[in-house]
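Open the structure in your viewer and keep the sequence beside it. The tour below goes from stop to stop, naming what to select and then what is there.

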Amino acid sequence: MPDSNTRIQQLSEQRLHDVFIIFSFIAMLIACMGLFGLVTFSSERRKKELSIRKLFGATIGNIVMLVSSEIVTLLFVSILIAVPAALYFSREWLTGFFYHAEISVTTIALPVIVALSIALIVIMIQGMKTALTDPAKNLKND
């Protein structure tokens, strides 16, 4: 039968786990909102250019690629910075425990894949919205 200290430790770790899950979800939500804002700002800034390209025969795919290219580059740069930092700090944090746990590839790869998927979905939705707007509305102010 486990003693009371072990039970308290287990409850404490479970609460810490729950807090990490909640704040991770909140961080992902804030990141998605920021990404949506960045894509919207980028497409609004280049609205006239994209409208002219559309008038000259650019396809929806071309316009989506134009809108998403700089943001996808930023995403990959951020992944190149975040993955080594996450590995280093998580290994340092785990060395403080009596039972050492190794970080598997899936522990890092799964969040990267989920973050990229969410980001690409947000980029594609906003890119499609930009590509499907009427170019005459964007250009008639000139």
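What volume does the second largest pocket have? The second largest pocket has a volume of about 180 Å³, a volume being the space filled by probe spheres set on grid points that are joined across faces, edges and corners. A pocket here is an open set of points on a 1 Å grid over the protein atoms alone, where a 1.4 Å probe fits, with protein on both sides within 12 Å along at least five of seven lines, and its lining residues have an atom within 4 Å of a point.

This is a predicted model, in which local features need pLDDT of at least 70, side-chain atom pairs count only at pLDDT 80 or more, and totals for chains, interfaces and linings use all residues. Residues are numbered from 1 along each chain as its sequence is written, and side-chain values use heavy atoms, with hydrogens and water left out.

Select the lining of the second largest pocket, including T40, E44, K129 and D134.

Of its 43 lining residues, select F20, S24, A86, T107 and P111, the closest to its centre.

Finally, select the largest nonpolar core, whose 12 residues include L35, V39, I71 and V122; such a core is a set of buried (under 20% relative accessible area, 1.4 Å probe, protein chains only) Ala, Val, Leu, Ile, Met, Phe, Trp, Tyr and Cys residues joined through side-chain atoms within 4.5 Å. Leaving aside neighbours within four places in sequence, V122 is in contact (heavy atoms within 4.5 Å) with L35 and F36.

Terms used
Buried < 20%, exposed > 50% of the residue type's maximum accessible area, 1.4 Å probe, protein only.
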